[in-house]
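Subject: Structure handover

Dear colleague,

Please find below the structure for you to take over. My notes on it follow.

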Amino acid sequence: MKRSTIIDICRALLFILMMNTHALTIAGVPKNHWLLADCWLPNGWATVAFVVLSGFGVGYIYSARPADAARDRAVRRRALEIILVMFGSNIFFAALRQVAGGDASAIASFGWWAGFLTLETPWTISGVLMPTALVLLAFPYLYHWIKRAPWAVLALLVAARLLTDYLIRGAGAPGLNAGWLARFFLTEGFGGFPVLPFFLNGCLGIWLGMLRHRSERTWLLSMGLLLLLQLVLYFGNTYFRDTLRPLGLGWLLPFGALGKFAWMFLIAYAVTLVGGRFLTGMLALIGQHALGSFVMHRVFLQGLSILLAGAAFQSMPLEVRYATLWIGTLFLTWGLCVSRRQVVWIDTSLRRVAL
């Protein structure tokens, strides 16, 4: 299957944003520090844009293949692998969190394990893989519907996203004791990634991916509108909230994930033009091993934080601690991807566990 360099680079850029956030947290950067301002860390972009990109990628790449049972089996198999990786990586990192927090005894409790399903035990960021897997499972069905009536499907997806946002506001109302279904689908999901809005964002990503094959011109226009949408949402919420509120633009908010995706995609495209051979190749390689990079960068980040936990490191300025963790994790992740290309058994071992 032919890969898309821009999609791979976009994945890598989103991973770098995730690394950025994790490094800031582990380094202990306070919430009022400039490193957590939008000029350096676009808060909330990585996870929401990641699911849209997953939908776009499957819509663009797999829709170019003949619609047959083999293609659909490949998509479903990958979705199952993602779910298994989600549970496995979540258990590993959640257990590590318990040990590091001095509460390893909780791991021996049945309630701790069952709590992952009842939403009582906190999930890790692995939870974002659930809506991603569901988007892949939905692709074979969406493919045929979009082929038959693309604009009708778009209208239904947009309406469903608006309805979901209305339900989320109701489920999150003060004093309302929301049940498990509302928490899972609308407000929390696994690890703070509510399944339904993320899933619908991914389905809209599928629609955009298929649109690129159907009409390049319409796709470019759509991406341009999404870029503009994100500018309106950002500046409206940041600087002109009172001015824009009477205009009734609140209904645009549910589609912010699409606007963030459009900007990350544009940046990825710019990297292919001006990034140079080394940077482009480095990012594309990380993106090609997307799931492995997602899981292993957390291992590297935690490992570096343990190795650098000595008094000398702790006495350094927090900006230095943060930069050491972030840059070190980035190059370790890239180094692993390079080793997968050069050492067969490393790549084979990781592929055996769906990474």
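Why are arginine 169 and aspartate 165 separated by about one helical turn? They are 4 residues apart in helix α6 (residues 150-171), and therefore about one turn separates them. Helices here are DSSP runs of H or I with at least four residues, and strands are runs of E with at least two, numbered from the N terminus.

Before the rest, a note on the source. This is a predicted model, in which local features need pLDDT of at least 70 and side-chain atom pairs count only at pLDDT 80 or more, while totals for chains, interfaces and linings use all residues. Residues are numbered from 1 along each chain as its sequence is written, and side-chain values use heavy atoms, with hydrogens and water left out.

Salt bridges

Arginine 169 and aspartate 165 form a salt bridge, with the closest N and O atoms 2.5 Å apart. The term stands for a side-chain nitrogen of Lys or Arg within 4 Å of a carboxyl oxygen of Asp or Glu. By this rule there are 9 salt bridges. Arginine 169 is exposed, with a relative accessible area of 53%, whereas aspartate 165 is buried at 17%. Buried means under 20% relative accessible area, exposed means over 50%, and partly exposed is in between (1.4 Å probe, protein chains only). Shared partners also join Glu120, Arg183 and Glu188 into one network of salt bridges.

In helix α3, glutamate 81 and arginine 78 lie 3 residues apart, about one turn of the helix. A salt bridge links glutamate 81 to arginine 78, and its closest N and O atoms are 2.7 Å apart. Glutamate 81 is partly exposed, at 25% relative accessibility, and arginine 78 is partly exposed at 29%.

Arginine 71 and aspartate 72 also meet in a salt bridge through their side chains (3.0 Å, N to O). Arginine 71 counts as buried, with 0% relative accessibility. Aspartate 72 is buried as well, with a relative accessible area of 12%.

Pockets

A pocket was searched for on a 1 Å grid over the protein atoms alone, as an open set of points where a 1.4 Å probe fits, with protein on both sides within 12 Å along at least five of seven lines; lining residues have an atom within 4 Å of a point. Grid points are joined across faces, edges and corners, and a volume is the space filled by probe spheres set on the points.

The largest pocket has a volume of about 910 Å³. Its lining holds 28 residues, and Arg3, Arg11, Tyr62, Arg78 and Gln288 lie nearest its centre. Two or more lining residues come from each of α2 (45-62), α3 (69-100), α5 (129-148), α12 (276-288) and α13 (290-307). α2 gives the most, with 6 residues. By class, this lining has 13 nonpolar, 7 polar and 8 charged residues. In this division Ala, Val, Leu, Ile, Met, Phe, Trp, Tyr, Cys and Pro count as nonpolar, Asp, Glu, Lys and Arg as charged, and the others, Gly among them, as polar.

The second largest pocket holds about 660 Å³ of space. It is lined by 26 residues, with His22, Thr25, Ile125, Arg298 and Gln302 nearest its centre. The elements giving two or more residues to this lining are α1 (5-26), α2, α3 and α13. α1 gives the most to the lining of the second largest pocket, with 6 residues. The classes here are 14 nonpolar, 10 polar and 2 charged.

Other points

Leucine 119 has a positive phi of about 70°, although it is not a glycine. Leucine 119 sits in the loop between α4 (110-118) and α5, and is buried, with a relative accessible area of 9%.

Alanine 354 likewise is not a glycine but has a positive phi, of about 65°. It is found in the segment after α16 (344-352), and is buried at 12% relative accessible area.

Arginine 340 is in helix α15 (residues 318-342) and counts as buried, at 6% relative accessibility. Between arginine 340 and histidine 289 there are 9.1 Å in space, C-alpha to C-alpha, and the two are 51 residues apart in sequence.

Regards
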